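Please keep the sequence and the structure in view while reading.

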Amino acid sequence: MNHRILQVESSSSTKLPPWLESLLSETYFIPCMIHEDAKKNEKNIFCLDCCEAICHHCLDLHTSHRLLQIRRYVYHDVIRVGDAEKLMDCSYVQAYITNSAKVVFLNPRPQTRSCRGTSNNCVSCDRGLQEPHLFCSISCKINQILRSEGMMSEYLYDCKVLTLPELGSDDCFMTPDSFLEPFVSLRTSSGSSVSYGGVDSLTIACTATTEVVRKKRTSKSAIPAAARKPVTPPAVEVTTNRRKGMPCRSPFN
């Protein structure tokens with residue numbers, strides 16, 4: 001019996017392996033209590049072997065463990081599609097592209113309005129999706145599989161090695177201050193945009209990170225020297241006010 005089957009059977013009450021159950025239920029981007037006095041101590045790494053969220057100051061105790069980088073996008077937790085596909089079948093899960101990384105949501109996002117009138121919705125939570133996707137998050141796909149088949153073992157992969165991205169990579173961290181609405185084609189005033197994954201991608205505005213564009217003033221250095229003409233001030237007519245002298249009086253007779 002392989003390692004993957006053992007993981008599934010070890011959590012028969014939820015029918016999920018312990019690492020997957022913890023991955024979806026953990027709270028990320030909160031201060032690490034072990035390193036509460038350290039800077040940048042948010043818990044944005046998940047250890048599959050310990051089934052817990054850790055911060056980067058904890059890495060010395062998890063050097064040989066399988067580690068998954070958790071990212072934050074539109075106020076919710078996401079992971080890279082490349083990492084997710086090493087762990088489970090992620091087909092038909094809506095992916096998004098941001099900071100040059102293709103990511104998927106761990107859990108469904110709350111909806112401000114009903115999307116049942118759209119042509120394509122998430123099978124589990126009815127969120128509007130881009131065709132041909134069926135799920136808005138990994139959790140939604142898992143819930144549907146458990147309802148229809150009762151077990152996840154055929155959709156999980158036996159991942160032996162999972163490492164963090166190298167420091168300095170452009171997609172290592174996601175911004176927590178962005179906001180996304182599906183099926184909206186907008187562009188920020190700074191020209192930056194976020195798009196859905198897929199061939200016919202929609203352009204999505206990242207409104208919270210939109211910068212106010214200010215018109216640049218043309219400086220003299222941007223103008224060639226030969227094109228500059230000396231500015232001659234206009235001639236000003238100078239008028240001299242002459243004061244009248246003492247009046248001359250005729251002599252008295």
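**Strands, core and salt bridges**

Strand β6 (residues 96–98) and β7 run antiparallel and are joined by three bridges; two strands count as paired if DSSP finds at least two bridges between them. Helices (H or I, at least four residues) and strands (E, at least two) are DSSP runs, numbered from the N terminus. In this pairing, T98 stands opposite A101 in β7. The two strands form a hairpin with two residues between them, and N99 in the turn has a positive phi of about 50 degrees.

The model is predicted: local features need pLDDT of at least 70, side-chain atom pairs count only at pLDDT 80 or more, and totals for chains, interfaces and linings use all residues. Residues are numbered from 1 along each chain as its sequence is written, and side-chain values use heavy atoms, with hydrogens and water left out.

β7 also pairs with β5 (76–80). These strands run antiparallel and are joined by three bridges, with V78 opposite F105 in β7. β7 (101–105) is mostly covered, as four of its five residues are buried. Buried here means under 20% relative accessible area, exposed means over 50%, and partly exposed lies in between (1.4 Å probe, protein chains only).

From the N terminus on, the elements run α-α-β-β-β-β-β-α-β-β-α-β-β. Of the 253 residues, 36% count as buried. Contact means heavy atoms within 4.5 Å; among the contacts with a separation of 6 or more, 53% are accounted for by residues 24 or more positions apart. The accessible surface comes to about 16500 Å², and 53% of this belongs to carbon and sulfur atoms. Accessible areas come from the Shrake-Rupley method with a 1.4 Å probe; for residues, only the protein chains shown count as cover.

What lies in the interior? The largest nonpolar core has 34 residues, and those with the most contacts inside it are L23 and L68. Such a core is a set of buried Ala, Val, Leu, Ile, Met, Phe, Trp, Tyr and Cys residues joined through side-chain atoms within 4.5 Å. The elements that give two or more residues to this core are α2 (18–25), α3 (81–87) and α4 (138–148). Apart from its neighbours within four places in sequence, L23 is in contact with Y28, F46, L68, I70 and L106.

Helix α4 has buried residues of its own to consider: I138, S139, C140, K141, I142 and I145. The cover over these residues includes α2, β5, α3 and β7. After α4 comes G150, whose phi is positive, near 85 degrees.

L134 is placed in the loop between β7 and α4 and is partly exposed, with a relative accessible area of 33%.

Charged pairs complete the picture. A salt bridge is a side-chain nitrogen of Lys or Arg within 4 Å of a carboxyl oxygen of Asp or Glu, and by this rule the count comes to four. One of them joins the side chains of R66 and D49 (3.4 Å, N to O). R66 lies in the loop between β2 (52–54) and β3 (67–69), and D49 in the loop between β1 (45–47) and β2, so the pair ties together parts that are 17 residues apart in sequence. R66 counts as buried at 9% relative accessibility, whereas D49 counts as partly exposed at 40%. Leaving aside neighbours within four places in sequence, D49 is in contact with H65 and R66.

Another salt bridge links K141 with D89, the closest N and O atoms being 3.7 Å apart. K141 belongs to helix α4 and D89 to the loop between α3 and β6, so this pair ties together parts that are 52 residues apart in sequence. K141 is buried, with a relative accessible area of 4%. D77 also forms a salt bridge, with R72, where the closest N and O atoms are 2.9 Å apart. In that pair, D77 counts as buried at 15% relative accessibility, while R72 counts as partly exposed at 22%.
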